[in-house]
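I opened this one to see how the chain is put together and what holds its side chains in place of one another. These are my notes, in the order I looked things up.

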Amino acid sequence: MDRYLLSEFFSRCTEHIIERANQYDAPELNLKRIADMWTNFLKREVSPYEVAIMMAMLKMARLSQGYHQDTLEDAAAYIAIAELLKGTDLDSELNNHKVE
């Protein structure tokens with residue numbers, strides 16, 4: 001395995017996170033907004049962590065239709081964000097505070 005290529009891949013994933021944060025707000029806030037909407041729609045609590053996991057799953061479903069580099073990078077970025085959110089006070093704190 002080429003460690004340089006792996007490093008480049010994760011650098012691009014990080015760039016995606018930064019670019020999206022500039023467009024849509026910090027990932028945890030954007031995912032909280034989505035979680036609130038999904039909570040209202042599904043009539044059950046959805047956490048920002050769950051949104052990140054489900055968004056990664058959406059990206060992986062798209063990959064079943066064919067390989068796209070940016071889709072794979074987006075999926076990995078969502079997994080990285082989920083790792084940051086899972087089990088932290090931030091996930092619990094955001095889950096207890098509705099963003100309107």
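What follows are my entries, from the overall fold down to single residues.

**Ground rules.** I am working from a predicted model, so I keep in mind that local features need pLDDT of at least 70 and side-chain atom pairs count only at pLDDT 80 or more, while totals for chains, interfaces and linings use all residues. I number residues from 1 along each chain as its sequence is written, and side-chain values use heavy atoms, with hydrogens and water left out.

**Overall fold.** I looked up the secondary structure and found five helices and zero strands in the protein chain. Along the sequence I read the pattern α-α-α-α-α. For the record, helices (H or I, at least four residues) and strands (E, at least two) are DSSP runs, numbered from the N terminus.

**Burial and surface.** I got 29% buried among the 100 residues of the protein chain. Buried here means under 20% relative accessible area, exposed means over 50%, and partly exposed is in between (1.4 Å probe, protein chains only). The protein chain exposes about 6,800 Å², and 57% of that comes from carbon and sulfur atoms. Those areas are from the Shrake-Rupley method with a 1.4 Å probe; for residues, only the protein chains shown count as cover.

**Contacts.** I took the contacts between residues at least 6 apart in sequence, and 58% of them join residues at least 24 apart. Contact means heavy atoms within 4.5 Å.

**Salt bridges.** How many salt bridges does the structure hold? I count seven, using a side-chain nitrogen of Lys or Arg within 4 Å of a carboxyl oxygen of Asp or Glu.

- I noted K32 with D36, at 2.8 Å from N to O. They are four residues apart in helix α2 (residues 27–42), so about one helical turn separates them. K32 and D36 are both buried.
- I noted E50 with R44, at 3.4 Å from N to O. E50 is partly exposed at 26% relative accessible area, and R44 is partly exposed at 42%.
- I noted D74 with K59, the closest N and O atoms being 3.1 Å apart. This pair links distant parts of the chain, with D74 in helix α4 (residues 69–85) and K59 in helix α3, 15 residues apart. Both residues are buried.

**Around D74.** I checked H16, which sits in helix α1 (residues 3–24). H16 counts as buried because its relative accessibility is 12%. Setting aside neighbours within four places in sequence, H16 is in contact with D70, E73 and D74.

I looked at A75 in helix α4; A75 counts as buried, at 5% relative accessibility. Beyond its neighbours within four places in sequence, A75 is in contact with A56, K59 and M60.

Then I went to A52, in helix α3. Is A52 buried or exposed? A52 counts as buried, because I get 0% relative accessibility for it. Apart from neighbours within four places in sequence, A52 is in contact with L31, Y78 and A82. The C-alpha atoms of A52 and A80 are separated by 8.8 Å, and the two residues are 28 apart along the chain.

**Rings.** I searched the whole structure and found one aromatic pair. The rings of F9 and F10 have centres 5.2 Å apart and planes at 75 degrees, so I log the pair as edge-to-face. The rule is that rings of Phe, Tyr and Trp (its six-membered ring) pair if their centres lie within 6.5 Å; planes under 30 degrees apart count as stacked, over 60 as edge-to-face and the rest as tilted. F9 counts as buried at 15% relative accessibility, whereas F10 is partly exposed at 46%.

I also found the charged end of K86 over the ring of Y49, 4.8 Å from its centre. That needs NZ of Lys or CZ of Arg within 6 Å of the ring centre and within 35 degrees of the ring normal.

**Nonpolar patch.** Last, I looked at the surface, where M54, M57 and M60 form a nonpolar patch with about 280 Å² of accessible area together. Patches are made of residues with over 30% relative accessible area and no salt bridge; like charges are joined within 9 Å, nonpolar side chains (Val, Leu, Ile, Met, Phe, Trp, Tyr) within 5 Å. M54 lies in helix α3 (residues 48–63) and counts as partly exposed, at 31% relative accessibility.
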